[in-house]
Amino acid sequence: MAYPEFPNHDDFTAISKVLAGECEGEVTVRGWIYRTRSSGKLAFIVIRDSTGSIQSTVSKKNVTESSFDDARKALIESSVIVKGTPAKDDRAPGGWEIRASDFKVVHFAETFPITKDQSDEHLLNNRHLWLRSQSMVASLKIRSTVFKAFRDYWTENEFTEIQSPSFTTSACEGGSTLFNVYYDDEKEKTGQKFYAHLSQSWQLYAEATMFGLENIFTLAPSFRAEKSRTRRHLTEFWHAEVESAWMHNHQMMELEEGMIMHIIESVLSFNRKELEILGRDISVLENIKAPFERVTYEEVLDKLNSMGFDLSWGDDFGYKEEKALTQDLTSPMYITNFPREKGFYHRPDPNDPKSLVCHDLLAPEGYGEIIGGGERVWSPDELTDRIREEGLEPESYGWYLDIRKFGSVPHSGFGLGIDRTVSWICGSDHIKHVIPFPRTMRRTTP
RNA sequence: GCCGCUGUAGCUCAGCAGGUCAGAGCAUCCGGCUGUUAACCGGACGGUCAUCGGUUCGAAUCCGAUCAGCGGCGCCA
């Protein structure tokens, strides 16, 4: 295929600049055809780039005959280069249009499979194409801001970013949610087909790495084979985790609060346009205020029971309970002191051994849990006891127990579900809308 | 693991007390139109009704199985 001559990259103008009325004289924009309408002598071609979309008018009398034919023929998503004069015109969507003096098609698109009639399934099957949509682009820009804000916040607090392996043989969440990876050719030779699990969390590795660096964080995918078909679950999700030596639970909670506020403020500074595209009520985000409410598990039990639930000590909060707690909140809420059954690595409260020195952070508006964290068991003997208590084998945690034998210290950490956080900030009705290629129980393509 | 739902043209759907039931809109293609706003007007193209089996004189329609997908619960971030 022969491509037209290209102007230099720097010779192009971003569509957002044209829409802002910042351009004098002729401009050249490039992008993809978003909508097209034509009559015998005039074609309206709406072009989008990553910054916005603008209508160009291609008149038969102003361009060559072949350019006009191309403009009429080119289907949606064809890539094009348009040269012309910006003009303020109320008849144009967005108030500005480009009166074309030249119209080049770089590549004629085939019939685009996504039209105005869209089903969930069709959009997921065509995710590789749907990523071009305004709403996906807006969500992904916000997602990028959240990633950056997370990194900036912890870096500024003198935490070091580190990486842990995705292949592991240690489980830190329930064993039933582990994905297994196999070594195919080994399987044929030796029958030893199992290689590793996919990591559910960096935590065990973080606790080891912490002894050198003290304050660390990571941003990585975690994998959980939960058979969860809900608007809040992915089998592969992006996990933002932090671990800190000498840190107490309440100190970590204060830092997390600062992190959430930094993330919200960053999105409010950089992504107002994207929030508007997504239809998010910006005042809801502006009204988020620290400090967040802190309540104990026991207090939540009482509160829920007074709302008509029937819960007793040890019961978990399901989505119904979380929703009842958070749907009228304006800011996130901490729940602390969960029952000791919640996890072997959380440290039981010395003053109240039936509960743990730990916390969850629940996002408002019914979005529910986005953070789980707490203080870790740091005494080697206590950790061995706790592993046994949960019905697990201390032998399978060899190296993890080993790190406690050489100058163990109190420490705390947490995990933040980045996708859940973005979903909440975007006001999305499903977590799949805020990640480019969602991985769920029944979908691994595209 | 459990509950519910869906599968008919490229897309969105209608048709389902079994018998003019192979349909519409959009998309695509052809023609028309100098201001359209996911335009409008005329025409054309397009389907083994998910697959397999059963009931029946007759199945898109009823029954069963399978496959694929969607929503939710439990659990979690």
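Analyst: Let us begin with one contact, keeping in mind that this is a predicted model: an N or O atom in the side chain of glutamate 121 is 3.0 Å from a sugar or linking oxygen of RNA strand B.

User: Which parts of glutamine 55 and RNA strand B lie 2.9 Å apart?

Analyst: On the protein side it is a polar side-chain atom of glutamine 55, and on the side of RNA strand B it is a base nitrogen.

User: And what about leucine 234, which atom is used there?

Analyst: For leucine 234 it is a backbone N or O atom, which lies 2.7 Å from a base nitrogen of RNA strand B.

User: How many residues surround RNA strand B, and which are the closest?

Analyst: RNA strand B is surrounded by 55 residues, and the closest are Arg91, Asp117, Ser119, Lys227 and Arg420. Of the atoms of RNA strand B that come within 4 Å of the protein, 47% belong to sugar and phosphate.

User: What classes of residue does the surface near RNA strand B have?

Analyst: That surface has 25 charged, 19 polar and 11 nonpolar residues.

User: Switching to helices, how do α11 and α12 cross?

Analyst: The axes of helix α11, residues 297-306, and helix α12, residues 319-326, cross at roughly 90° and come within 11 Å. Angles of 65 to 115 degrees count as roughly perpendicular, which is why α11 is described as roughly perpendicular to α12.

User: Which residues make the contact?

Analyst: From α11 there are Val300, Lys303 and Leu304, while α12 contributes Glu321, Ala324 and Leu325. By class, four of the residues in this contact are nonpolar and two are charged, with no polar ones.

User: OK, now sheets. In what order do β7, β8 and β9 come?

Analyst: The three strands form an open sheet in the order β7-β9-β8, with antiparallel pairing. The edge strands, β7 (167-168) and β8 (180-182), each pair on one side only. Between β8 and β9, the latter covering residues 194-198, there are three bridges, and tyrosine 182 stands opposite phenylalanine 194 in β9.

Notes: Residues are numbered from 1 along each chain as its sequence is written. Chains are lettered from A and ligands numbered from 1 in the order in which they are written. This is a predicted model: local features need pLDDT of at least 70, side-chain atom pairs count only at pLDDT 80 or more; totals for chains, interfaces and linings use all residues. Side-chain values use heavy atoms; hydrogens and water are left out. Axes are lines fitted to C-alpha atoms, for helices over the stretch in contact, and angles run from 0 to 180 degrees between N-to-C directions. Helices (H or I, at least four residues) and strands (E, at least two) are DSSP runs, numbered from the N terminus. Angles under 35 degrees count as roughly parallel, over 145 as roughly antiparallel, 65 to 115 as roughly perpendicular and the rest as oblique. Contact means heavy atoms within 4.5 Å. Ala, Val, Leu, Ile, Met, Phe, Trp, Tyr, Cys and Pro count as nonpolar, Asp, Glu, Lys and Arg as charged, and the others, Gly among them, as polar. A residue is near a molecule or strand if one of its heavy atoms lies within 4 Å of it. A polar contact is a pair of N or O atoms within 3.5 Å; within protein, one must be able to donate a hydrogen and the other to accept it, and residues adjacent in sequence count only if both atoms are side-chain atoms. Two strands pair if DSSP finds at least two bridges between them.
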